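User: I'm new to this one. Walk me through it a few spots at a time, please.

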Amino acid sequence: MTAESASSPRPFHYPQPGSALHCGKVSLDALARRHGTPLYVYSADQIVERLRMFDEALAGRDHLVCYAVKANSALAIVKLLADKGAGFDIVSGGELERVLAAAPEAAGRVVFSGVGKTAAEIDRALTADILEFNVESEAELELLAARAKKLKRKTRFALRVNPDVFAETHPYISTGLREHKFGIDIRRALAIYRSVAGHRWLEPHGVSVHIGSQIRSADPFGAALERLNKLVRQLRREGIALKSVDAGGGLGIDYHGGAFDAAARVREYAVAIDRALEGFEGRLLLEPGRFLVAQAGALVARVLQVKRNGSKTFVITDAAMNDLIRPALYQAYHEIVPVKRRAGRPRTVDVVGPVCETGDFFARDRKLAPVEPGDLVALLDAGAYGMAQSSNYNTRLRPAEVLVEGGKARLIRRRETMADLLAPEML
Ligand code: LLP
C-alpha cells in the first residue's frame, strides 16, 4: 500500500524509499514530534489547486465556487480560499461568524443554506449583506420576508428545490429525493416564486439544489440541473429573471486511492452541468466541500499498542472516533499508511481508538503494513468532515491542526487543553 502513485490525487508521499511520509516538503514525523498526536495536517497547495480546477473547467461560464464551510471550517482554510476569490456556502450563524472573522470582505460571496435558520441568524446575515439565502420552505420564506422588512433590507433569495433525483451514495448523505427533509418540491416552486413576485423586501435571485454528497458520477448532477433549467425558463417566460443557479455540492472523491484524475473528474462534472444549463446566462454557483479539502488532509496518529485477541490483531492508536467519526458513522473507508515504513509483510488487523465503544474503529480486517507501538500512522483523505465532525467524547482533547503551504508548515489550531474543556462548566 502506498500513499501516492504517479498520478496521485494526494499531497502525501515518501520522497525516498527509506524516508518518512511527507506533506509536500514537510515530514509528518517532524510535525508529530513538534506538535504531538493526533494531528491533522493539510496541504494548502492542494486545496488551492482543486479550486483552480473548478475555475478552469468553468472558464467559459460566469461562476462562483462557494466552498461548503462545513467540510472543514478552520479559519485559516476559509481565509486561504477567500484570498483566491472563493465564496462560501454556510449552514449556520456560526459558520457565518467564521467567514466574517477570517475574511470579512467575502461576506458578499456567501450563500446561506440549511433547513432551520433562526431569526437571529437571518438578521446577522441580512446585516452582513450576504449574496443569497437558499430558502428551504415556505415558512422560512415568510420568516425571511418578516426579518427583511423589520431591518428594511431587501433580500436576495433562492428556493432550494428538491428535484427528486436519486444520487447513489450513502443513505445518510443523500438529500435529493422527495422523502428527504431538504428543499421544496420542485413542482411547488413555480407557485411560490409567483406568489412573491413584486414583493417589497424579497428579490427572487436564484434557484438552488443539493442532491447529496460523495457522488461519483456526473449524471445525477446533469439530471438535477436540467430540471432546474426548465424551471428557470418557465419563470423567465413569466417575467421572473433569475440571476443565479446554485448546483450545490456533492462531487465525490476516491477514498481507495489508486488512479484518480481529479482534474478530469471536475471537467466531466462541469460539462454535465454546462450542458444541462444551456441557454441560462446568469451566474452558476457551486458548493463543493469534500472535493476541495478531503484529499489535502491526513490525520496523523501514534500507535499505542498492538494487541492480540484470539485470532484478531488490534492496532490501537491515540486517535479515536471522536477525532474522525466517518468510519463509525458511514462505514467510510480511509486508507491507512505508516509514516515510516518497516520491512515485512502486511498483516490483517483492526485499527481502533481508545474510546469505549465497539464502533470506535478506523479499519476492520485491513491488510496493513507492519507497525509497532510508538510508530506513526496516517489516515488519508481526512481533510473533509474530519476535524469538522470531531467531538470531546470521552473527555478527549481535540487534535491540533497544521497547514503546509509552499514547503512551510504552520500551526492553525493548537491542541485543546483541559482548561478549554472545563471552562464552560460550573459545579
Ligand atoms: N451544500 C449543501 C447544502 C450541503 O448540505 C453540503 C453537504 C454541501 C454543499 C457540500 O457537499 P460536499 O461537496 O462536501 O459533498 N459528513 C458527511 C458528509 C455530509 C455532507 C452534508 N452536506 C461525510 O463525512 O461524508
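User: Is Q214 buried or exposed, and why?
Analyst: Q214 counts as buried because its relative accessible area is 13%. Buried means under 20% relative accessible area, exposed means over 50%, and partly exposed is in between (1.4 Å probe, protein chains only). This is a predicted model, where local features need pLDDT of at least 70 and side-chain atom pairs count only at pLDDT 80 or more, while totals for chains, interfaces and linings use all residues. Residues are numbered from 1 along each chain as its sequence is written, and side-chain values use heavy atoms, with hydrogens and water left out.

User: Where does Q214 sit?
Analyst: Q214 is in the loop between β11 and α8. Those labels are DSSP runs numbered from the N terminus: helices are H or I with at least four residues, strands E with at least two.

User: What about its phi?
Analyst: Phi of Q214 is positive, about 55°, although Q214 is not a glycine. N394 also has a positive phi, near 65°, and is not a glycine either.

User: Where is N394, and is it buried or partly exposed?
Analyst: N394 lies in the loop between β19 (376–379) and β20 (400–405). Its relative accessible area is 33%, so N394 is partly exposed.

User: Which residues does the cis peptide bond join?
Analyst: T37 and P38, with omega about -5°. P38 belongs to the loop between α1 (28–35) and β4 (39–43).

User: New topic. Which residues of α7 are buried?
Analyst: Helix α7 covers residues 186–195, and its buried residues are I186, A189, L190, I192 and Y193.

User: What do they pack against?
Analyst: Against α6 (138–151), β9 (155–162), β10 (184–185), β11 (202–208) and α8. Contact here means heavy atoms within 4.5 Å.

User: At what angle do α7 and α8 pack?
Analyst: About 25°, with the axes 11 Å apart. Axes are lines fitted to C-alpha atoms, for helices over the stretch in contact, and angles run from 0 to 180 degrees between N-to-C directions. That angle makes α7 roughly parallel to α8. Under 35 degrees counts as roughly parallel, over 145 as roughly antiparallel, 65 to 115 as roughly perpendicular, and the rest as oblique.

User: Which residues meet there?
Analyst: From α7, I186, A189, L190, Y193 and R194. From α8, R227, L228, L231, Q234 and L235. By class, the contact has 7 nonpolar, 1 polar and 2 charged residues. Ala, Val, Leu, Ile, Met, Phe, Trp, Tyr, Cys and Pro are nonpolar, Asp, Glu, Lys and Arg charged, and the others, Gly among them, polar.

User: What does L242 touch?
Analyst: Leaving out residues up to four places away in sequence, L242 touches Y193, P204, H205, G206, V207, V232, L235 and F280. L242 sits in the loop between α8 and β12 (244–246). L242 counts as buried because its relative accessibility is 9%.

User: How do α2 and α9 cross?
Analyst: Helix α2 (residues 44–57) and helix α9 (residues 262–276) cross at roughly 40°, and their axes come within 9 Å. That makes α2 oblique to α9. R50, M53, F54 and A57 of α2 contact A262, A263, V266, R267, Y269 and A270 of α9. Of these contact residues, 8 are nonpolar, none polar and 2 charged.

User: How many aromatic pairs are there?
Analyst: The structure holds 8. Rings of Phe, Tyr and Trp (its six-membered ring) pair if their centres lie within 6.5 Å; planes under 30 degrees apart are stacked, over 60 edge-to-face, and the rest tilted. One of the pairs is F221 with Y269, edge-to-face at 4.8 Å centre to centre with 90° between the planes. F221 is in helix α8 (residues 219–237) and Y269 in helix α9, 48 residues apart, so this pair links distant parts of the chain. Both F221 and Y269 are buried.

User: Which residues form the aromatic cluster?
Analyst: F54, F221, F260, Y269 and F291. F54 and Y269 also take part in the contact of α2 with α9.

User: Last one. Where is A119, and what does it touch?
Analyst: A119 lies in helix α5 (residues 119–127). A119 touches L143 and R147, not counting residues up to four places away in sequence. A119 and R147 are 28 residues apart in sequence and 7.0 Å apart in space, C-alpha to C-alpha. With a relative accessible area of 29%, A119 is partly exposed.
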